[in-house]
Amino acid sequence: MEYIDTHAHIDGEEFDLDRNEMILRARQAGAKSILVPAINLASLKSLRNVVNQYNGFAYAMIGLHPEDVRDDWRDVLAEMRNIQASSPDEFIAIGEVGLDFYWSREYQQQQLECFEEQVKWSIYSRLPLVIHCRKAQNEMVAILKKYRTDLPGGIFHCFAGNEKEAAELLAFDRFLIGVGGVLTFKKSHLPEVLPFIPLNRLVVETDAPYMAPVPMRGKRNESSFIPYIINKMAEAYGISPDEVARQTTQNAETLFNLA
């Protein structure tokens with residue numbers, strides 16, 4: 001079984017003591033690649049260093065996470081865009097970007113404006129969008145609809161919604177839905193929702209070091225745990241884990257031009 005972890009924060013300090021060992025475990029479990037999202041400007045240097053260390057296996061994104069959006073977001077994006085423009089082959093996506101009103105709406109307007117600006121950035125650069133969305137699907141969809149015909153595609157990261165919400169996201173051509181550890185949680189309804197999503201519109205992800213799947217829940221998540229997610233997906237579709245791994249890998253390779 002080979003797979004691509006399309007979303008893992010392997011640059012985080014949680015991996016500083018055993019990053020090489022974690023990468024080795026991922027490779028041994030079948031990982032072909034790990035895609036690493038950015039969250040802010042401060043951590044971008046360490047992200048680039050980590051990805052460069054595993055060149056050809058790890059791939060960097062660039063973008064401003066909604067929870068890191070503040071009044072200075074325009075200045076942050078301007079600097080990020082300069083970095084991306086000066087090294088255009090270094091980044092495979094604009095991400096992790098989006099909207100998050102789960103804890104607070106203090107910076108709601110700033111998040112909305114920042115997300116829309118990064119949608120435009122994706123269109124201009126022709127890099128896929130990797131979108132984080134919590135308690136904000138209506139607002140996110142409203143922005144994306146304005147640019148529907150121009151969007152290069154992307155991933156709706158960490159999907160945990162219902163059939164109706166999935167259909168709303170699938171209406172955006174060239175976008176895929178990211179499925180992670182939540183699929184394996186006892187109270188998750190995703191096993192019933194997945195059959196309504198075509199397998200060729202899905203990718204797998206960890207969101208490491210967060211959201212470890214059962215039976216590793218409560219531990220630090222890492223890319224070697226992806227097979228637990230793939231096995232659960234295979235159960236939901238009534239097909240083999242190898243078929244799930246093959247199709248989701250192909251989906252990711254096509255979206256990010258990794259094939």
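Guide: Happy to. A crossing of two helices is called right-handed if the near helix is turned clockwise from the far one by less than a right angle, and left-handed if it is turned anticlockwise. With that in hand, and keeping in mind that this is a predicted model, look at helices α3 and α4: α3 passes α4 in a right-handed crossing. Helix α3 covers residues 73-86, and its axis lies 11 Å from that of α4, at an angle of about 15 degrees. Angles under 35 degrees count as roughly parallel, and α3 and α4 are therefore roughly parallel to each other.

Now the residues that make this contact. From α3 come W73, R74, L77, M80, R81 and Q84, and they meet Q110, E113, C114, E117, Q118, W121, Y124 and S125 of α4. Sorted by class, the α3 contact with α4 holds 6 nonpolar, 4 polar and 4 charged residues.

Compare this with the pair α5 and α6. Helix α5 spans residues 137-145, and it packs against α6 at an angle of about 20 degrees, with the axes 11 Å apart.

The axes of α8 (residues 226-237) and α9 (residues 241-256) come within 8 Å and cross at roughly 110 degrees, which makes α8 roughly perpendicular to α9. In this contact, I230, N231, M233 and A234 of α8 meet P241, V244, A245 and T248 of α9. The classes are 6 nonpolar, 2 polar and no charged residues.

M233 brings us to the core. The largest nonpolar core has 75 residues, and L144 and M233 are those with the most contacts inside it. Helix α4, residues 108-125, gives the most to this core, with 6 residues. Leaving aside neighbours within four places in sequence, L144 is in contact with F115, V119, L129, I131, L151, F156 and F172. A second, separate core has 13 residues, among them A93, L176, V203 and L258. In soluble globular proteins, nonpolar side chains tend to be buried together.

Last, the backbone. Most residues other than glycine have a negative phi, and most peptide bonds are trans. Against that background, please look at the bond from G95 to E96, which is cis with omega near 10 degrees; E96 sits in strand β4, residues 91-100. The bond from A208 to P209 is also cis, with omega near 10 degrees, and P209 is in the loop between β8 and α8.

That loop between β8 and α8 also holds M211. M211 is not a glycine, yet its phi is positive, about 60 degrees. With 31% relative accessibility, M211 counts as partly exposed. R174, likewise not a glycine, has a positive phi of about 75 degrees. You will find R174 in the loop between α6 and β7, and R174 is partly exposed as well, at a relative accessible area of 44%.

Technical notes: Residues numbered from 1 in each chain as written. Predicted model: local features only at pLDDT ≥ 70, side-chain atom pairs only at ≥ 80, totals over all residues. Heavy atoms only, no water. Core = buried A, V, L, I, M, F, W, Y, C linked by side-chain atoms within 4.5 Å. Buried < 20%, exposed > 50% of the residue type's maximum accessible area, 1.4 Å probe, protein only. Helix = DSSP H or I, 4+ residues; strand = E, 2+ residues; numbered from the N terminus. Contact = heavy atoms within 4.5 Å. Axes fitted to C-alpha atoms, helices over the stretch in contact; angles between N-to-C directions. Parallel < 35°, antiparallel > 145°, perpendicular 65-115°, else oblique. Nonpolar A, V, L, I, M, F, W, Y, C, P; charged D, E, K, R; others polar.
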